[in-house]
Each structure stands twice: as structure tokens, then as C-alpha cells.
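Welcome, and thanks for taking a look at this one with me. Here are some notes to read alongside the picture.

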Amino acid sequence: MGGGSRYPYPKYVWSPAGGWWVRPSNWASNTAVAVLGIVVVSATVWSASARLEKRTVQPDRWIPSMLWAKEFTDKKDTTTETH
């Protein structure tokens, strides 16, 4: 199993994936940096989404975003507001 031996390949070809038969020695740190970047971007988007979320129609039942949306975490009573 393996598909044969390695063959000569052109050294001038650049590949964003690393080229033929890549086994970088720092794969673990590269993966950690990528995961950290994804977590930071996701947290930023999540925070902005929770801060800006507005509902024109109030939900008639509990929904998960009520835990973090500023609209629902404010302690004021929204049912007696006048618009």
C-alpha cells in the first residue's frame, strides 16, 4: 500500500499546501496558531452579534440567544415599554 515510490518533481513549482510529500516539523505549533486565530475571530463575531442583536417580534418561547443577547440580559421590563 502506498502507490509506488517517490518520483522526481520540479523544485520551481510553488504550492500553498506545501508541495509534494510535505511533513513539516512544526505542524503542531502551526495547528495551535490556526486554532487560536479561529477562536479569536469567532469570539469577536459572537460578541458583536450578541451586542447588536435586536428582535422586532419577541419570542413566544425560550430560545438559546436569550442567555447572551443584551436585549434579554438587561434587567428592565420590556413588556411595559412604550415605543
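This is a predicted model: local features need pLDDT of at least 70, side-chain atom pairs count only at pLDDT 80 or more; totals for chains, interfaces and linings use all residues.

**Notes on the model**

1. Residues are numbered from 1 along each chain as its sequence is written, and side-chain values use heavy atoms, with hydrogens and water left out.

2. Where does Glu53 sit? Its place is in the loop between helix H1 (27–52) and helix H2 (70–73); helices (H or I, at least four residues) and strands (E, at least two) are DSSP runs, numbered from the N terminus. Glu53 is buried, with a relative accessible area of 15%. The cut-offs are under 20% for buried, over 50% for exposed and in between for partly exposed (1.4 Å probe, protein chains only).

3. The side chain of Glu53 has a further polar contact, with the side chain of Ser65 at 3.1 Å. Not counting residues up to four places away in sequence, Glu53 touches Ser65, Trp68, Ala69 and Glu71, a contact being heavy atoms within 4.5 Å.

4. How many salt bridges are there? The count comes to two, taking a salt bridge as a side-chain nitrogen of Lys or Arg within 4 Å of a carboxyl oxygen of Asp or Glu. As background, side chains of opposite charge can pair when their charged atoms come close. Arg55 and Glu53 form one of them (3.0 Å, N to O), and Arg55 is partly exposed at 31% relative accessibility. Arg61 and Asp60 also meet in a salt bridge, at 3.3 Å, N to O; Arg61 and Asp60 are both exposed.

5. The count of aromatic pairs is one. Rings of Phe, Tyr and Trp (its six-membered ring) pair if their centres lie within 6.5 Å, with planes under 30 degrees apart counted as stacked, over 60 as edge-to-face and the rest as tilted. Why is the pair of Trp46 and Trp68 tilted? The planes of their rings stand at 50°, with the centres 4.7 Å apart. Trp46 lies in helix H1 and Trp68 in the loop between H1 and H2, so the pair ties together parts that are 22 residues apart in sequence. Trp68 is partly exposed, at 34% relative accessibility.

6. Gln58 also lies in the loop between H1 and H2. Gln58 is partly exposed, with a relative accessible area of 42%, and, leaving aside neighbours within four places in sequence, is in contact with Glu71 and Phe72.

7. UniProt, in an unreviewed entry, places a "transmembrane region" at residues 27–46. Over residues 27–46 the chain is 100% helix and 0% strand, with the end C-alpha atoms 28 Å apart.

8. Of its 83 residues, 7% count as buried. Among contacts between residues at least 6 apart in sequence, 0% join residues at least 24 apart.

Terms used: UniProt positions are given in the numbering used here, feature names are shortened, and annotations may be inferred rather than shown by experiment. A polar contact is a pair of N or O atoms within 3.5 Å; within protein, one must be able to donate a hydrogen and the other to accept it, and residues adjacent in sequence count only if both atoms are side-chain atoms.
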